[in-house]
Amino acid sequence: MRDSDDSSVRSEDRGLLSRLRWLNHTPLHPQWFVRGVHRNRLRHLGRLSGDVLDVGCPDRALAAHLPDGCRYVGLDYYVTVTEFYATRPDVFGDACELPVRDECMDGVMLFEVLEHVPDPQAVLAETERVLRPGGVLLLSVPFMYPIHNAPFDFHRFTRHGLQRALKINGFDTEVIQPRLRALEVGGLIMGLAIGDACLAIWRRHRWALPIVAVLALLALLALLALLVLLVLLGNLLAWTLARLLPGSDFMPRGYQVVAVKR
Ligand SMILES: C[S@@+](CC[C@H](N)C(=O)[O-])C[C@H]1O[C@@H](n2cnc3c(N)ncnc32)[C@H](O)[C@@H]1O
């Protein structure tokens with residue numbers, strides 16, 4: 001996940017957030033719980049072969065992780081990829097109307113994209129159209145996650161809605177794996193809410209930093225340090241409780257899916 005995935009990120013905050021990106025792998029960062037997303041994804045890439053289309057690919061990062069022999073094409077939507085990522089895919093296009101011939105792909109990846117399109121059913125129908133019979137769809141969607149890439153964030157998905165949509169559009173679901181336990185999701189959401197407050201304080205007061213009295217500056221820094229400490233404690237508490245207490249899959253962060261075209 002990238003900084004621009006943060007709910008409250010504005011273009012003027014992106015520089016600050018990219019300087020803090022290295023913290024992602026420590027519990028000091030509000031998105032610490034999301035660090036496993038990439039690893040989890042890679043586990044399923046071994047299912048792919050032949051021609052593979054990555055829809056919503058901003059930096060084409062997955063190309064390097066495909067099995068030998070795969071031919072990768074990264075597609076992204078001009079409006080969102082230039083606004084939020086400033087990267088270039090192989091092809092610009094809209095997932096709702098893929099500029100790809102019928103049945104010419106062996107695999108399609110749709111990671112964290114369906115929530116950003118007005119009509120997710122149309123995207124699944126398009127994915128089915130471009131896949132060869134027996135072709136593999138790898139997809140992930142959020143269930144409990146803040147609004148991001150606004151205003152291009154339209155949906156959240158339950159396991160049941162997702163299974164139904166896949167079935168209607170000609171897919172057999174092989175794997176539907178909830179991501180993160182409820183207590184971890186609690187920690188993630190609290191961390192993101194505190195991170196949002198830190199950003200708001202930073203935005204409101206950074207203009208005054210050069211002229212503000214030393215004491216006021218120290219008070220501001222102390223407040224920010226306290227909030228970072230709360231993120232750390234919240235993350236560690238949620239991580240520990242999620243391992244000590246039983247729980248069900250009623251509130252995952254999202255789902256990771258492997259489906260096959262019938
Ligand atoms: C949250 S990002 C996910 C990026 C990447 N797949 C990942 O999981 O890290 C959403 C991606 O969907 C793309 N996107 C948004 N609307 C789209 C559309 N209508 N067609 C194709 N891609 C779209 C965005 O540009 C962005 O690359």
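**Entry 1: the domain interface**

I looked up the area buried between domain 1 and domain 2 in this predicted model: about 1200 Å², with carbon and sulfur atoms giving 74%. Buried area here is the accessible area (1.4 Å probe) that two parts lose on being put together, summed over both. I noted that Trp32, Phe33 and Arg181 supply 57% of what domain 1 buries against domain 2, more than any other three residues.

Next I checked the bounds. Domain 1 covers 31-181 + 249-261, and domain 2 covers 182-244. These bounds come from an automatic or database domain assignment. Each domain puts 14 residues into the contact, where contact means heavy atoms within 4.5 Å. The two centres, taken over C-alpha atoms, are 32 Å apart.

**Entry 2: salt bridges**

How many salt bridges did I find between domain 1 and domain 2? The count is one. A salt bridge is a side-chain nitrogen of Lys or Arg within 4 Å of a carboxyl oxygen of Asp or Glu. Glu184 and Arg181 form such a bridge, with their closest N and O atoms 3.9 Å apart.

The structure as a whole holds 14 salt bridges. One of them pairs Arg71 with Asp51 at 2.8 Å, N to O. Arg71 is in strand E2 (residues 71-76) and Asp51 in strand E1 (residues 51-55), so this pair ties together parts 20 residues apart in sequence. Strands (E, at least two residues) and helices (H or I, at least four) are DSSP runs, numbered from the N terminus.

**Entry 3: the second largest pocket**

I then turned to the second largest pocket, with a volume of about 480 Å³. A pocket is an open set of points on a 1 Å grid over the protein atoms alone, where a 1.4 Å probe fits, with protein on both sides within 12 Å along at least five of seven lines; lining residues have an atom within 4 Å of a point. Volume is the space filled by probe spheres set on the points, which are joined across faces, edges and corners.

The lining has 21 residues, and Leu17, Leu20, Gly195, Cys198 and Val228 are the closest to the pocket centre. Which helix gives the largest share of the lining? H6 does, with seven residues. Helix H1 (14-19), helix H6 (182-205) and helix H7 (214-244) each supply at least two.

I found a cis peptide bond between Ala150 and Pro151, omega about 5 degrees. Pro151 sits in the loop between strand E5 (131-142) and helix H5 (159-168).

**Entry 4: ground rules**

Residues are numbered from 1 along each chain as its sequence is written, and side-chain values use heavy atoms, leaving out hydrogens and water. In this predicted model, local features need pLDDT of at least 70 and side-chain atom pairs count only at pLDDT 80 or more, while totals for chains, interfaces and linings use all residues.
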